[in-house]
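Please look through the model below before reading my points.

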Amino acid sequence: MTPVLELRNITKRFPGVLANDHINLTLEEGEIHALLGENGAGKTTLMNILYGLYKADEGEILVRGKPVEIRSPSDAIALGIGMVHQHFMLVPVMTVTENIMLGAEVTKFGPFLDRAAAAQRIRELSRTYGLEVDPEAYIKDLPVGVQQRVEILKLLYRKADILILDEPTAVLTPQEVEELFEVIRSLVAKGNSVIFITHKLKEVMAIADRVTVLRRGRVVGTTRPEETTEEELAAMMVGREVSLVVEKKPARPGDVVLSVRDLHVRDERGEPAVRGVDLDVRAGEIVGIAGVQGNGQTELVEAITGLREPEKGTIHIKGVDVTWASSRQFFEQGAAHVPEDRQRDGLVLSYPVRDNLILNMYYKPPFAIGFRIQEKPIEENARRLVQEFDIRTPDIYTPVANLSGGNQQKVIVAREFSRPIDLLVASQPTRGLDVGSIEYIHKRLVAKRDEGCAVLLVSSELDEIMALSDRIAVMYEGEIMAVIPAEEATREQLGLLMAGVRPEETSEKAQAPAA
Amino acid sequence: MSTQEKKRQEHNKEQQPAEAAKTLPWWRVVLDVALLPFLAIITALALSSIFIIISDTELLALWRHVFSEPGVVLSASLKKLELSYGALISGGLGNPSAIWDGLRTWIQTGDSTKLITSLEGIDRTLVYSTPYIFAGLAVALGFRCGLFNIGVEGQLFVGAMAATYIGYSIKGLPMLIHLPLALTAGALAGAIWSAIAGLLKAYTGAHEVVTTIMLNYVAFRLSDYMLTGPMKRSGFNPVSPPVEKSAWLPKLAPDPLRFHAGFFLALIVAYFVYWFLWKSTWGFEIRTVGANPNAARYAGMSIAKNFILAMAVSGALAGLSGTSEILGVNHFMAQAFSSGYGFDSIALALLGKSHPLGVVLASLLWGFLRAGATRMQSAADIPIDIVQIIQGMVIVFVAAPALVRMIWRIRAIAEEGETIFTRGWGT
Amino acid sequence: MAPGTLDWATIRHRYLRREQVLGIVYLLFAIAIWTLFLPHVEAGAKAKFGLNVVTGVKPIPVPDLVVPARETILLLGFIAAFMGGWQLSRGFKEPQALLAVLLVIFLLAFLVWATAGKSFNLTGMLASTVLRATPIAFGALSGVWCERTAVINIAIEGMMLSSAFTSVVIASATGSPYWGLLAAIVTGAVLGLVLAVLAIRFRVDQIIAGTAINIFAIGLTSFLSHSWLSVRQDLNAAPNFKPIPIPLLAKIPVLGPMFFDVNLIVYIMFALVIITHIILFHTRWGLRMRAVGEHPKAADTLGINVYLTRYISVTIGGIIAGIGGAYFTLGSVGRFDEVMTAGKGFIGLAAMIFGKWTPIGGFIASFIFGLADALQVKMAILRVPIPSEFLLMAPYLVTIIVLSGVVGRAVPPAADGQPYVKE
């Protein structure tokens with residue numbers, strides 16, 4: 001049988017990077033083919049080529065045995081290829097119907113939109129595939145899980161039968177992931193073929209018929225889940241043996257450093273995002289906040305670090321009320337913050353490494369005396385930190401924009417970890433990094449804990465939370481569902497809590513914020 | 001590396017020529033920095049030939065015969081261009097042989113009149129460039145904070161009004177007190193006027209581009225009112241009383257030359273702006289807010305404070321621009337005393353890459369253009385508005401290096417047109 | 001400042017929420033109305049507002065509106081105070097619409113004060129409001145077309161000025177205002193295309209590109225006006241569009257002279273408001289435009305040509321600005337003066353923002369700006385004891401007030417001003 005899709009020798013170069021190096025891949029009809037690789041391995045680039053967003057430098061694409069040229073997404077759509085992007089391609093201020101029909105509008109009397117007819121078709125599709133969604137709802141009002149359904153409906157509406165799902169589980173709870181897998185299986189059962197992009201081994205084992213592993217833009221191998229193990233796949237993915245666990249000694253918690261009481265915070269749109277959070281973090285422990293993205297973690301961290309004014313409640317650091325403090329005052333209390341979006345908040349990309357390393361200390365001696373900037377101490381500081389934290393940069397004058405993601409994060413870590421701190425708030429500290437950088441940052445976090453620093457870790461990667469935390473707080477819709485000692489926590493239990501299910505048995509230790 | 005990351009990298013690679021420069025050999029730096037503005041000017045001047053030709057209605061009529069008598073038409077056009085650009089150069093720089101002649105006469109006979117007249121071109125260039133330096137610095141400083149101050153013209157009027165008032169209303173003060181007082185008044189008035197836009201931006205999100213333009217019109221009406229009412233000199237014309245001699249910027253050359261101390265003041269201020277932006281914590285904050293307001297907030301800087309501060313300093317510089325013109329050249333205020341320095345300043349800041357040194361050089365060039373264009377108007381009958389046409393083109397070329405690259409087929413020009421000042425209308 | 005003390009952030013957060021600030025602003029309006037106008041009106045003075053016009057097609061006559069000045073001002077102040085109180089205690093759903101109402105109330109109070117003991121033709125002023133709102137509305141519409149696809153068009157002013165110039169020259173040369181209008185359209189289209197190429201192809205910062213076009217337009221029109229029009233006065237004497245009364249409708253009192261007895265360009269403006277609204281919200285093209293403005297990448301992944309959409313929309317925006325430019329000359333006195341647009345293009349932008357990037361909202365906002373402008377002109381007739389220069393500031397001050405009062409809330413298209421980079 002001819003495969004529905006075949007990629008031959010696809011090569012793509014970006015300035016200085018070989019993103020895809022002669023990649024071959026086949027997709028059989030009715031198959032779920034996982035594309036596994038760590039961040040930066042070239043998975044997304046490959047799929048963007050397939051979807052007509054990039055142009056390959058070499059190689060050819062065959063759809064149902066015929067060579068095709070895909071120059072734009074329209075070509076891909078015409079060939080029945082559809083893609084759910086990692087970052088959803090939905091217009092928040094438009095309705096579900098408008099988003100789905102966009103580009104393939106149903107019209108009447110010439111150019112006029114026929115929203116009712118389109119909504120009708122969407123309802124039919126919803127029923128057929130069990131993808132419940134209200135066509136009249138605005139995207140901005142829908143939870144991420146439902147938004148993902150809209151994305152899948154978008155493909156089905158266009159009659160796509162080759163479906164590419166790019167990291168579709170990143171924003172879901174373990175239970176929602178199960179539901180998504182059900183949907184995928186039913187799609188395949190109806191004759192569709194699926195390429196499933198991920199960097200999570202467990203998902204590959206759970207859903208894939210076949211798996212192709214990419215590393216640094218090259219295919220390392222193709223295999224079947226039943227013929228391999230997680231460890232083997234991990235080794236293929238990274239190119240060496242990886243220890244999947246973080247080594248750490250038992251925590252010796254000291255005094256409470258960060259104390260949050262009945263905190264309420266609103267988001268940009270004025271909606272309540274954090275509703276009555278109580279939380280304590282002690283010296284020498286890591287408290288991890290688990291939860292699906294968008295459940296108030298961002299706003300909680302912003303409130304603690306002085307970037308967002310809380311509505312009510314209190315925040316104390318070492319007994320000092322910092323509820324209304326600015327981020328300057330937060331830092332002055334001996335606290336540090338590794339922000340969620342490093343390029344947006346943590347760095348000035350156009351500034352050299354040197355200046356980014358003093359970004360929040362520029363006004364203090366020895367970097368400034370009065371209002372005069374002192375060049376010498378700044379350069380000495382930069383040279384020292386570049387060495388100590390192994391930041392790979394040509395020199396300290398290079399703009400951080402020219403560094404890799406991992407090294408950019410190291411600049412932030414160097415800046416935040418190098419001064420005496422009692423509290424560290426780290427938000428998604430390893431997002432988008434390669435395994436080497438992830439290991440490095442995990443080690444540094446544990447080391448900080450062992451020095452007696454209180455660490456608040458927020459991550460949407462459940463594995464990371466479970467590997468690093470001493471206690472785990474699960475956040476759902478702005479509330480802390482429970483705080484559980486890490487050694488007692490299980491994936492299933494955390495998954496239920498992340499989905500808002502409050503099991504009776506966890507409730508008694510959940511409420512008291514561990515006095 | 002994610003694609004977004006890559007995109008942002010491309011965005012930011014060229015934003016900091018000063019820092020990035022350290023890794024390049026010096027001649028590459030000079031080439032990188034100077035080639036684009038140079039070609040932009042050349043291109044704009046070349047294209048302005050078209051406007052010079054069409055401005056001459058007789059010549060334009062002659063062009064109807066371009067196919068029958070191409071030689072006549074072309075030679076007539078070339079003659080016109082020669083006359084025009086000749087006037088431009090002699091107006092802006094003077095005639096070298098006349099200068100040499102004057103110098104010789106002066107050395108031989110001690111009679112300096114010839115030399116002085118021959119230096120008029122250079123004198124005009126320097127005098128014109130003085131307000132340009134201040135105004136260009138004003139826009140450049142705003143750019144560094146991510147603010148687009150189009151209100152320099154209005155701030156300049158308000159500054160000039162304040163300086164004029166202090167200049168004529170207080171009598172009998174020694175120069176050492178009166179002059180600094182008048183300068184401070186001009187700077188302060190400009191600062192307050194533009195701080196309004198800063199305040200509105202910081203606390204209500206009103207976009208500075210629209211508010212400063214509106215404030216321009218308000219400033220113009222205000223000066224109309226002042227000059228026809230409270231500040232009117234007795235007599236028919238709507239002009240202010242003359243400024244006391246004690247508030248004049250000292251004149252540094254004999255009549256009819258106009259060169260005054262304002263030029264040196266401008267250079268000192270340019271150095272101060274450099275120091276402020278790169279060697280002080282305030283400047284660090286302003287630049288950080290301009291480069292990445294989110295990171296600035298993260299680092300504990302107040303965006304509101306820096307918006308207001310940057311607008312105020314920018315306005316002070318704009319105010320000084322008007323003030324130097326009043327105290328150094330005019331010595332009284334009239335309704336149309338500024339010939340659009342405020343608008344020219346946008347081109348200057350872009351041309352000078354928002355760096356004080358660049359702004360000074362661009363201002364000298366602009367002073368030359370303005371001086372030359374004045375001569376062009378009298379000698380070749382070309383309206384002085386040609387300067388604005390050239391300006392519009394220069395801005396486009398500087399902001400779109402790809403365009404210049406396309407015209408000149410040169411690859412050496414770095415891509416850097418992507419610096420984004422625009423952050424929508426809201427935040 | 002020690003953490004935890006009652007610092008400014010705390011005060012602002014606890015006591016000065018945006019809703020409250022707005023309420024206080026409304027109350028300030030009330031106080032302003034009472035203190036500025038009330039003390040200067042004699043008790044028993046009446047303000048007489050004529051509702052009939054003497055020019056054009058005379059509508060059915062209606063009696064004049066005579067109101068007691070003091071009482072009316074008092075009442076208007078009360079309405080403002082009540083709105084402030086309501087905003088403070090309950091809060092309105094649409095504070096920016098309320099701000100519009102308040103501005104109108106304030107202008108009315110001003111009018112009553114100025115008219116006290118005199119008589120004033122209200123219909124005449126309203127008709128003049130529509131005329132003065134016309135170029136502003138064109139500016140707002142042009143802005144809507146460009147910014148809905150995320151291209152900021154700050155060059156509206158320059159486009160209007162250039163079109164005003166070309167329309168006069170062509171109309172004078174051909175003797176027909178229609179050719180002039182066509183010239184204006186072409187000029188607007190060309191400049192729109194220039195902006196589009198700079199913003200899309202060359203990814204020039206859009207505000208800088210717009211500023212360059214503005215400077216260029218001011219320079220070129222002044223240059224040509226000096227070199228040509230000063231010599232050839234005959235090229236600066238264009239036939240203009242005359243008011244076209246619509247049968248029956250033009251006879252309606254007050255509304256007739258405002259909306260149904262105006263010239264072609266004003267009718268075009270009315271039509272464009274409605275057409276733009278329909279296209280934007282009810283057609284395929286509009287849906288795509290909005291998607292491109294909000295999330296270009298999403299549109300791209302669905303096979304929509306982001307660049308082409310932007311090119312077309314910005315060019316149409318240029319055409320609309322061009323027609324607006326023709327209004328200054330062909331819709332008015334038929335001659336060109338240097339920098340005659342006097343910031344109307346920028347005010348149009350403010351009207352677009354005030355109108356939340358919608359054509360109808362932009363039109364209503366333009367009407368308020370037009371009202372401020374018309375009032376300023378008519379006040380000279382009433383010999384108000386305010387220097388004319390200050391009255392002339394009114395439209396600009398209103399623009400600043402409106403911008404600072406609402407922009408914090410109005411949400412522009414998400415991708416506004418950002419170039420789209422296709423890999």
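**Notes on the model**

1. Leu357(A) counts as buried because it has 28 C-beta neighbours inside 10 Å. (A residue is buried if 20 or more other C-beta atoms lie within 10 Å of its own, exposed if 12 or fewer, and partly exposed in between; C-beta atoms are placed from the backbone.) This is a predicted model: local features need pLDDT of at least 70, side-chain atom pairs count only at pLDDT 80 or more, and totals for chains, interfaces and linings use all residues. Residues are numbered from 1 along each chain as its sequence is written, while chains are lettered from A and ligands numbered from 1 in the order in which they are written.

2. Where does Leu357(A) sit? Find the loop between helix H12 (353-356) and strand E19 (368-369) of chain A. (Helices, H or I with at least four residues, and strands, E with at least two, are DSSP runs numbered from the N terminus.) Leaving out residues up to four places away in sequence, Leu357(A) touches Asn381(A), Ala382(A), Leu385(A), Val411(A), Ala414(A) and Arg415(A). (Contact puts two C-beta atoms, placed from the backbone, within 7 Å.) Leu385(A) is 28 residues from Leu357(A) in sequence, and their C-alpha atoms are 8.2 Å apart.

3. Chain A is assigned domain 1 (5-238), domain 2 (246-334 + 420-515) and domain 3 (350-419). (The bounds come from an automatic or database domain assignment.) The C-alpha centres of domains 1 and 2 of chain A lie 33 Å apart. Their contact takes 11 residues from domain 1 and 12 residues from domain 2. On the domain 1 side, helix H6 (residues 174-189) of chain A gives the largest share, 3 residues.

4. In chain B, the axes of helix H8 (residues 120-144) and helix H12 (residues 262-279) come within 9 Å and cross at roughly 15 degrees. (Axes are lines fitted to C-alpha atoms, for helices over the stretch in contact, and angles run from 0 to 180 degrees between N-to-C directions.) So H8(B) is roughly parallel to H12(B). (Angles under 35 degrees count as roughly parallel, over 145 as roughly antiparallel, 65 to 115 as roughly perpendicular and the rest as oblique.)

5. Chains B and C also meet. The contact takes 51 residues from chain B and 49 residues from chain C. H11(B) gives the most to the chain B side, with 11 residues. That side divides into 29 nonpolar, 16 polar and 6 charged residues. (Ala, Val, Leu, Ile, Met, Phe, Trp, Tyr, Cys and Pro count as nonpolar, Asp, Glu, Lys and Arg as charged, and the others, Gly among them, as polar.)
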